Amino acid sequence: MVEYIKNNYGSVPEHPWDKYPNYVVFRHPNNKKWFVLIMDVPADKLHIGDTDTIIDIIDVKVRPELVGSLRLKDGVFPAYHMNKEHWVSVILSDSFDDGELKSMIDESYRLTQ
């Protein structure tokens, strides 16, 4: 997804926290608002496992009226580290459709303009 974001939005990955070198933020070039946050977090942060299991997730902003229905999908959770009314976390795995995730990234970009 990193290449997709760089190629489609001209946004470069930023690593804002020394403590979390694997966390990547993508911002709008003009207003500096985040539209994607990629992290590796212990599974217990999403209440799906223990602290020893690390999972890769992506946070995207979505329309509030869609949050509930999106959370019903496998691999979609209330956002870790972001406002849970406007953001969701998606597990980055082969089981979540790439096309749908790209659409969610596109929508996140539009919503944060």
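This is a predicted model: local features need pLDDT of at least 70, side-chain atom pairs count only at pLDDT 80 or more; totals for chains, interfaces and linings use all residues.
1. Which residues of helix H1 (residues 2-9) are buried? They are Tyr4, Ile5 and Tyr9. These residues span an arc of only 95° around the axis, so they sit on the same side of H1. As a reminder, residues three or four places apart in an α-helix point the same way, because there are 3.6 residues a turn.

2. Next, have a look at serine 108, which belongs to helix H3 (residues 98-111). Serine 108 counts as buried because its relative accessibility is 0%, and the cut-off for buried is under 20%. Leaving aside residues up to four places away in sequence, serine 108 touches Phe35, Val60, Lys61 and Trp87.

3. Just after H1, glycine 10 has a positive phi of about 65°. Most residues other than glycine have a negative phi. Lysine 32, in the loop between S1 and S2, is not a glycine, yet its phi is positive at about 65°.

4. Histidine 47 is not a glycine either, and has a positive phi of about 60°. Where is histidine 47 found? Histidine 47 lies in the loop between S2 and strand S3 (54-61). With a relative accessible area of 74%, histidine 47 is exposed.

Definitions and conventions:
Residues are numbered from 1 along each chain as its sequence is written. Side-chain values use heavy atoms; hydrogens and water are left out. Helices (H or I, at least four residues) and strands (E, at least two) are DSSP runs, numbered from the N terminus. Buried means under 20% relative accessible area, exposed over 50%, partly exposed in between (1.4 Å probe, protein chains only). Contact means heavy atoms within 4.5 Å. The arc is that of the directions from the helix axis to the C-beta atoms.
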